[in-house]
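The sequence and the model come first.

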Amino acid sequence: MFGKRILLGITGGIAAYKTASLVRLLKKSGADVRCVLTPAATSFISPLVLATLSENPVHIEFWNKETGQWNNHVELALWADLMLIAPATANSVSKMANGACDNLLLACYLSLKCPCIIAPAMDLDMYQHPSFKRNLQTLLSDQVTIIPATFGALASGLEGQGRMEEPENILRFVQEFFKQAAHQKSTKRLLITAGPTLEHLDPVRYISNHSTGAMGFALAKAALMKGFEVLMIAGPSQYELQHPNFQRIDVQSAEQMLSAVQAHWSAMDLGIFTAAVADYRAANVAAEKIKKSATELRLDLVKNPDILAWAAANRTQQEIVGFALETNNQEENALKKLHDKNLDYIVLNSPQEGVSGFGSETNIITIFGAKGQKHALPLMSKFAAAQALLEILDEKTHEN
Ligand code: C5P
């Protein structure tokens with residue numbers, strides 16, 4: 001938690017008195033803490049205590065009544081790595097769920113760019129009230145994380161669920177939250193296109209190619225072993241892969257493959273485009289089976305979108321690797337694609353009858369980088385080639 005900036009929101013419930021210990025615990029764990037209180041909270045905990053323990057001024061009103069100075073809620077909200085609201089009363093939860101903004105704490109909440117965790121506290125009947133449950137649901141769908149109230153003695157003298165979680169447990173929860181967030185951040189997301197595409201001519205016929213998806217699936221397996229999250233967008237392929245970090249979207253045509261890539265590309269860190277996308281599709285797909293009549297049949301074809309080129313033109317942080325299957329002027333053609341499509345790497349696939357290319361389990365690849373790197377790999381299994389490619393990409397990440 002060292003250096004984590006926590007904006008502790010305190011609302012007006014009796015459990016607010018426990019926030020003195022909470023601030024101490026957060027500070028002891030290395031966090032930087034600033035407190036923002038609703039006016040009602042000041043009846044339950046002294047701002048002086050919180051300012052002393054947090055070693056920071058406490059914020060309550062939109063402006064300082066003595067100096068007239070404005071408390072900038074936007075700055076406070078942007079400062080925070082996490083807003084923790086403890087205790088969160090039924091009243092504040094209701095306002096948060098509805099976007100109300102009649103105090104500084106709510107203005108901070110509405111301006112947040114960071115996650116928010118709340119620890120509700122109230123009497124047992126309020127906790128069970130359908131309106132409170134509804135509001136909690138709204139906050140959940142607004143990506144707020146809830147630390148449920150615990151069971152026990154309540155200020156009303158009744159017993160039930162409604163006690164704010166103990167400060168020690170809130171601290172543990174927050175620590176775990178940061179741990180998980182760090183883990184998610186470090187997990188790289190990889191998009192792979194794989195297999196052939198299938199372009200219908202009529203309800204029973206299509207244009208396609210001999211790609212099987214073998215290289216794409218070998219890459220997915222190697223990437224999962226390295227801890228990537230993999231999204232595969234696959235044309236028709238017999239390969240199967242089960243893994244908690246593996247998601248597969250099945251498509252048929254190039255246009256469907258492009259739509260799937262477009263829907264997910266912005267969330268990716270890396271894209272490896274192994275699919276053998278059909279270059280052309282029928283200008284018009286016949287609604288009925290095309291009849292055999294004349295001795296010759298001419299098909300009007302139109303060019304398919306270049307998915308890889310789209311991804312390269314619409315990249316932000318993503319690294320991009322393309323594949324090139326070349327039979328002549330291999331290096332020259334591959335390098336042309338690397339530059340024309342604005343890629344980071346191109347993997348030249350050198351097809352060799354029976355040992356390399358479509359359908360075979362082995363491959364001969366050469367990897368060219370945009371900075372002039374060249375790695376010529378000998379004949380090896382597609383899985384070993386996939387591992388080698390990921391290693392090379394990794395080295396590049398460490399260079400930067
Ligand atoms: O231009 P060419 O088809 O040879 O380029 C091959 C590379 O471009 C491969 O990485 C392939 O997956 C990708 N590609 C694509 N969409 C197309 C054609 C190729 O993504 N329509």
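## Around the ligand

A polar backbone atom of F273 is 2.5 Å from an oxygen atom of the ligand. For F323, the distance from a polar backbone atom to a ligand oxygen is 2.8 Å. P305 has a polar backbone atom 2.8 Å from a nitrogen atom of the ligand.

Numbering starts from 1 along each chain as its sequence is written, and side-chain values use heavy atoms, with hydrogens and water left out. As the model is predicted, local features need pLDDT of at least 70 and side-chain atom pairs count only at pLDDT 80 or more, while totals for chains, interfaces and linings use all residues.

## The sheet of 8 strands

An open sheet with mixed pairing contains 8 strands in the order β12-β11-β8-β13-β16-β17-β19-β20. Strands are DSSP runs of E with at least two residues, helices are runs of H or I with at least four, and both are numbered from the N terminus. Two strands pair if DSSP finds at least two bridges between them. At the edges are β12 (246-250) and β20 (374-376), each of which pairs on one side only. On average, neighbouring strands of this sheet are turned by 15° against each other, direction ignored.

Strands β8 (residues 189-194) and β13 (residues 270-273) run parallel and are joined by 4 bridges. I192 stands opposite I272 in β13. Helix α12 (residues 330-340) packs on the sheet and touches β16 (319-325), β17 (345-349), β19 (365-369) and β20; contact means heavy atoms within 4.5 Å. The direction of α12 makes about 150° with that of β17, where angles run from 0 to 180 degrees between N-to-C directions and axes are lines fitted to C-alpha atoms, for helices over the stretch in contact.

## The sheet of 5 strands

A further open sheet has 5 strands with parallel pairing, in the order β2-β1-β3-β4-β5. Because β2 (32-37) and β5 stand at its edges with a single partner strand each, one side of each is left without a neighbour in the sheet. Strand β3 runs parallel to β4 (residues 116-120), and 4 bridges join them. A88 stands opposite P120 in β4.

Helix α2 packs on this sheet, touching β1 (5-10) and β2, and its direction makes about 165° with that of β2. Helix α5 (residues 104-111) also packs there; α5 touches β1, β2, β3 and β4, at about 140° to the direction of β3.

## Helices α1 and α2

The axes of α1 (residues 19-28) and α2 (residues 47-54) are 9 Å apart, and the helices pack at an angle of about 10°. They are therefore roughly parallel to each other, a label for angles under 35 degrees. T19, A20, V23, R24 and K27 in α1 meet V49, L50, L53 and S54 in α2. The contact residues divide into 5 nonpolar, 2 polar and 2 charged. Here Ala, Val, Leu, Ile, Met, Phe, Trp, Tyr, Cys and Pro count as nonpolar, Asp, Glu, Lys and Arg as charged, and the others, Gly among them, as polar.

## Backbone details

P87 is found in strand β3 (residues 82-88), and a cis peptide bond with omega of about -5° joins A86 and P87. Q143 lies in the loop between α7 (130-141) and β5 (145-146). Phi of Q143 is near 70°, a positive value in a residue other than glycine.

Technical notes: Angles under 35 degrees count as roughly parallel, over 145 as roughly antiparallel, 65 to 115 as roughly perpendicular and the rest as oblique. A polar contact is a pair of N or O atoms within 3.5 Å; within protein, one must be able to donate a hydrogen and the other to accept it, and residues adjacent in sequence count only if both atoms are side-chain atoms.
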